[in-house]
Amino acid sequence: MSLIEEIDYGTPRSKSETMVTLTIDGNEVTVPEGTSIMRAAMDAGHQIPKLCATDMVDAYGSCRLCLVEIEGRAGTPASCTTPVMNGLVVRTQTERLKKLRKGVMELYISDHPLDCLTCGANGDCELQDMAGAVGLRDVRYGYEGENHVFAKTPGKTDGCANDHWMPKDESNPYFTYDPSKCIVCSRCVRACEEVQGTFALTISGRGFDSRVSPGMSESFLGSECVSCGACVQACPTATLTEKSVIEIGQPEHSVVTTCAYCGVGCAFKAEMRGEEVVRMVPYKDGKANRGHSCVKGRFAWGYTNHKERILKPMIRERIEDPWQEVSWDEAFSFAAAKMRGIQKKYGRDAIGGITSSRCTNEETYLVQKLIRGGFGNNNVDTCARVCHSPTGYGLSQTFGTSAGTQDFDSVEETDVAVIIGANPASAHPVFASRLKKRLRQGAKLIVIDPRRTEMVDSPHVKALHLPLMPGTNVAVVTALAHVIVTEGLVNEAFVRERCDWIEFEEWAAFVAQPKHSPEATAILTGVDPKVLREAARVYATGGNGAIYYGLGVTEHSQGSTTVIAIANLAMATGNIGRPGVGVNPLRGQNNVQGSCDMGSFPHELPGYRHISGEAVRDQFEALWNVKLNPEPGLRIPNMFDAAIEGTFMGIYVQGEDILQSDPNTKHVVAALSAMECVIVHDLFLNETANYAHVFLPGSSFLEKDGTFTNAERRIQRVRKVMTPKNGMADWEVTIALAKAMGFEMNYSHPSEIMDEIAALTPTFTGVSYAKLDELGSVQWPCNEKAPEGTPVMHIGGFVRGKGKFIVTEYVATDERTGPRFPLLLTTGRILSQYNVGAQTRRTDNVVWHAEDRLEIHPHDAELRGVRDGDWVRLQSRAGETTLRAEITDRVSPGVVYTTFHHPDTQANVITTDFSDWATNCPEYKVTAVQISPSNGPSDWQKAYDEQARHSRRIAPAEAAE
Amino acid sequence: MSSPDRLVYMANQIGMFFRSQGHDKAVPGIADHIKKFWDPRMKRAIFAHLDAGGAGLEPNVREALTSLKQSLPAVS
């Protein structure tokens, strides 16, 4: 293993298919038209000296180091900004060029500190490399003149302050900005603009006064900077440096792995020194992220060695008792005895489990195998129940598969993007950056969201915004269909060829009814009919139309209906089956796609095959050597109901905090309290663990091998870079627990688990670790028909045959506002935090978001006497909590909004039991509430906090005799 | 909300989705959905409620459950 050095070609790849041949240093080189001479030379293995060029951003031509000579042309053009042409004869090294470059470097170094040995970038500094490359041996100008390097004017003992010098900015928790080392190449500024799309950085001043400036000469933390790290990665000197590198030193080896945060699935190089992570650097060959990252994946991995991580197994008889640390074997036999005891007493179906959407495919597969094979029932469910289960239902009904239809690269060919109930800038930031890049090239954006999200209005992006009332998605999407049908915008050729025409006609007649028009529905949706009509026309006629949606679609009592309505819309306009279009669910957690694929739903075996299918069961029974139960099991909310009823008494929860993440916390508390054995397998004593009897310590994504599958169905390797701190990888823990329960599963490496998955799952038959190593990643389906995977689904025809239109009648949720609860609460996420915050709250990301706040419109706030920053009581029919208010017009009057990242806020005390009609996915996005001023935490919060502290006690180890 | 109230509510919610497809598609649609996604104890509880008069069940749902119950002797 060594440090993976990715080649920097200096300028981005040209997508042209026309090839051009030229001669560089006597070698003939053939490259796509539009390639720079610099890149063509690198292709041929000749590195032209450069400082301001890097292949993540467009050429800029400012450093004057990459000069070349071209036969028949005057002067010495910059190779980064000069495109190739047929027949050019280029020389990259001549006496004239050598002299020019040395002169340029001499000037740079005359205003740069010479502390190389103690510099954070020592060993990874392009300025140092270039000084070496051009043979710089002497700086004739000296260092006494005007400079940016010294705090005081040099040469004088009581020298006066140097006005040009600026102190280091260490405000960002993860990287430093040292202006004295800056060469003003503006790579950071361009990375912020072109790669991230935030435009937080600029060059202020001109000439010798030019400085990199976050915002209006603010600190990095005080500016608009979102800490994605693109600037740090782009910086060729020590000006922008990771604090971890400054502290530890340069890494010595690296391993390519996959981020364990959101569903984008960014590929990273884990750069290591021994078993210590030095930094995580986005991998340019990662096909989901293409070398970009966000603050979470890039920097927020410190939770993996946080002091609160539990490394020893623990048990207790009652949740009132303190935890007892025990050996692994004791923990397994205690857990096994409890679970088997429950089955003996209450029946085989009285236990179950929850697979983790944060763990690997292999681990998830094993947990469902343990439940189906070892427990002997199908009481297995996963986090997708509470997020994208309606996607599974809706898309499989209409298209024949729950799969998102595109890869992320597809966005580069999109002309109209529609975002419904999602805020990628916060929840899927790297995808948002890729989308924004396309928007800056001229693609249009429509945002359907109750809140004016960061996507609606950001630098160089202005969306058509449909601010609907929470709970009216079906009415809005059906109204869009109404406009498309009644204005004759249907792509009839597509529908006739690909879809069932009779079903289409029924659907078209349904949506064309006047009661579905934007004008008729405006009274309940709150959306201006003119804007809605314009949005429908733009989507139907603007070229490639792609819909991206999130939990604002699914987490409603009509979640599945909205997914169906979206699929109808895409079919009616022919926006399916080629790059640039499609229906794209943005999945929340790193492996929520994978956990669904791996058979985590109570009614489905791996590969989405219903448990009642005899032929499918036969296959699994033969390989697993067990008899499978043909009846579907309990879904998470049904498990809670059954627990309270007394028929579901034991649960194994891997890597999921159901108490914090599931709705109506009081109901979940009642259910967990009723159970006789709750096994929590996690990194931390999460909220669910407060009600657990067995705690099995988990391993982080850095400590195990496996695969994650991202939102574009891309299967990517997770690679172990350190020994599990708890002693066992999660897959090994599940195997040992199964064994203690008398169910043997024998694997010596996760690759063997993947081989079994491939053998049993038609969409995975071509997947193996060898293939993943060879190709980097594959998107399922990956089998004989598509040996290298399937970037775009439904090309030439739908998976189910003909696309199926289904009518979508709007039904108002039963969660209604009224005199007691006049406002609608909706929930969402923020960039710096992830899910229930168990990981990100244990990193420095808390500087951006230390608590959940309630966003409220100034009008609603004034009516209630609430000022910005005040504590408010948030009350619903389910419960109440308190948090601080943030007054903003991002939300409309009548709507309030909060995040759910912090357990002390307990936003889910407020949310209700209402759920999607088809899948029981909870209705997180609509809760009728009232708000009133408050003095501080509610009684419930105090009692909860007291119980949590009591429950987290760990008994001191007994002294050895 | 406790069983069987909750189950009646859930079943009616399913019925509401299928309502706009008309009676002939709605009844088998509802039956198929409950068959595919409900755990046996939930099915048993709703069948028991049906036998006890089925208070609160929408007509389509009642019809769907009646036919489903006959086709699933093992569960009931």
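Residues are numbered from 1 along each chain as its sequence is written, chains are lettered from A and ligands numbered from 1 in the order in which they are written. Because this is a predicted model, local features need pLDDT of at least 70 and side-chain atom pairs count only at pLDDT 80 or more, while totals for chains, interfaces and linings use all residues.

**View 1. Chain A as a whole, with 29 helices and 36 strands.** Helices (H or I, at least four residues) and strands (E, at least two) are DSSP runs, numbered from the N terminus. The radius of gyration of chain A is 29 Å, close to the 30 Å from the globule rule for 961 residues, so chain A is as compact as a globular protein of that length. The radius is taken over C-alpha atoms, and the globule rule is 2.2 Å times the number of residues to the power 0.38. Along the principal axes, the C-alpha atoms of chain A fill a box of roughly 90 × 85 × 65 Å. Buried residues make up 58% of the 961 in chain A; a residue is buried if 20 or more other C-beta atoms lie within 10 Å of its own, exposed if 12 or fewer, and partly exposed in between, with C-beta atoms placed from the backbone. Of the contacts in chain A with a separation of 6 or more, 72% are between residues 24 or more positions apart. Two residues are in contact if their C-beta atoms, placed from the backbone, lie within 7 Å.

**View 2. Chain B, an α-α-α-α chain.** Chain B has 4 helices and 0 strands. Its radius of gyration is 11 Å, close to the 11 Å that the globule rule gives for 76 residues, so chain B is as compact as a globular protein of that length. The box filled by the C-alpha atoms of chain B is roughly 30 × 25 × 20 Å along the principal axes. In chain B, 46% of the 76 residues are buried. Among contacts in chain B between residues at least 6 apart in sequence, 65% join residues at least 24 apart.

**View 3. The contact between chain A and chain B.** Chain A contributes 22 residues and chain B 18 residues. Helix α22 (residues 636–645) of chain A gives the largest share of the chain A side, 4 residues. That side has 9 nonpolar, 7 polar and 6 charged residues. Ala, Val, Leu, Ile, Met, Phe, Trp, Tyr, Cys and Pro count as nonpolar, Asp, Glu, Lys and Arg as charged, and the others, Gly among them, as polar.

**View 4. Domain 2 of chain A against domain 3 of chain A.** The divisions of chain A include domain 2 (251–302) and domain 3 (314–387 + 591–779), with bounds from an automatic or database domain assignment. Their C-alpha centres lie 26 Å apart. In this contact, 16 residues of domain 2 meet 19 residues of domain 3. On the domain 2 side, β9 (253–258) and β10 (267–273) each supply at least two residues, and β9(A) gives the most, with 4 residues.

View 5. A cis peptide bond, with omega about 0°, joins A:Trp780 and A:Pro781.
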